[in-house]
Amino acid sequence: MKEFKTISLATQVFEKLEEDIITGVYPRGEILTELKLVEQLGVSRTPIREALRRLEQERLIAESGKGSVVLGITMEDLVDIMDIRQRIEGLAAYYATRNLTDEGREKLQHISELQDFYYDKQDIDNLRKMDDKFHDAIYQLCDRPVLRDTLIPLHRKSQRYRRISIEDKNRLGNSIQEHKAIYNAIISGDAELAAKLITEHIARAKQNMIERCYHNG
């Protein structure tokens, strides 16, 4: 964990374990113990104990008496996450449009251009990153802390399923076009259209995730 420098060690451990749980490195049902994590991560028990406490608060793990059992994100969780996003992400896009600054416009333009660049190269790994950046930018630009703080963890928790979805080339191409339409609505100042388009985008993404997961299952 040598790359961890700028934030507290407990936060770094939490973020590492959160990502590993969400992406399936630690599958549902696996038992995590402090001793096991000390050996794996090379840090002391104190930051691990704090990280496990936060993971339990996020309902990603639960105390079992023998250690912390991994709960992860189930399909039912995914449906709830996407339903919530579908209902409130439009508000974030609406306010991002209303509150758009020149700096925000440049940020969205940069993400849009990179997205096109990586799509031409069919660079899936970087397209996943651009998907994260696009939505995170809207959450930040909306300048509504409650919306931002609600949507960021929900978007992060759907990460594993979004990765499965983005492997569908048809969905990937459609998603890029949907992002482009949302971007154009935001920079043109049409807040109502931006809200409508991102709500439809989330609905399509949810349907594709569910279909892909059942197909893979």
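Modeller: Buried means under 20% relative accessible area, exposed means over 50%, and partly exposed lies in between (1.4 Å probe, protein chains only). This is a predicted model, in which local features need pLDDT of at least 70 and side-chain atom pairs count only at pLDDT 80 or more, while totals for chains, interfaces and linings use all residues. Residues are numbered from 1 along each chain as its sequence is written, and side-chain values use heavy atoms, with hydrogens and water left out.

Biologist: Why is Y118 called buried?

Modeller: The relative accessible area of Y118 is 16%. The limit for a buried residue is under 20%, so Y118 counts as buried.

Biologist: What makes F117 partly exposed?

Modeller: F117 has a relative accessible area of 43%.

Biologist: Why are α5 and α6 called roughly antiparallel?

Modeller: Helices (H or I, at least four residues) and strands (E, at least two) are DSSP runs, numbered from the N terminus. Axes are lines fitted to C-alpha atoms, for helices over the stretch in contact, and angles run from 0 to 180 degrees between N-to-C directions. The axes of α5 (residues 102-121) and α6 (residues 124-141) come within 9 Å and cross at roughly 165 degrees. Angles under 35 degrees count as roughly parallel, over 145 as roughly antiparallel, 65 to 115 as roughly perpendicular and the rest as oblique. The two helices are therefore roughly antiparallel.

Biologist: In which hand does α5 pass α6?

Modeller: A crossing is left-handed if the near helix is turned anticlockwise from the far one by less than a right angle, and right-handed if clockwise. The crossing of α5 and α6 is left-handed. Contact means heavy atoms within 4.5 Å, and among the residues that meet are L108, I111 and Y118 in α5 and M130, F134 and A137 in α6.

Biologist: How do α4 and α6 cross?

Modeller: The axes of α4 (residues 75-98) and α6 come within 8 Å and cross at roughly 65 degrees. This crossing, too, is left-handed. The contact is made by R85, E89, A92, A93, Y95 and A96 of α4 with H135, I138, Y139 and L141 of α6.

Biologist: Why is helix α8 described as largely enclosed by the rest of the structure?

Modeller: Six of the eight residues of α8 (residues 159-166) are buried, so the helix is largely enclosed. The buried residues are Q159, Y161, R162, I164, S165 and I166.

Biologist: How do you know that E18 is buried?

Modeller: E18, in helix α1 (residues 9-22), has a relative accessible area of 3%, and so is buried. Residues up to four places away in sequence aside, E18 touches L55, L60 and R156.

Biologist: Why does K206 count as buried?

Modeller: K206, in helix α10 (residues 191-216), has 18% relative accessibility and therefore counts as buried. Leaving aside neighbours within four places in sequence, K206 is in contact with V79, M82, D83 and Q86.

Biologist: What makes R59 exposed?

Modeller: The relative accessibility of R59 is 68%, so R59 counts as exposed. R59 lies in the loop between α3 (45-57) and β2 (61-63), and has a positive phi of about 60 degrees although it is not a glycine.
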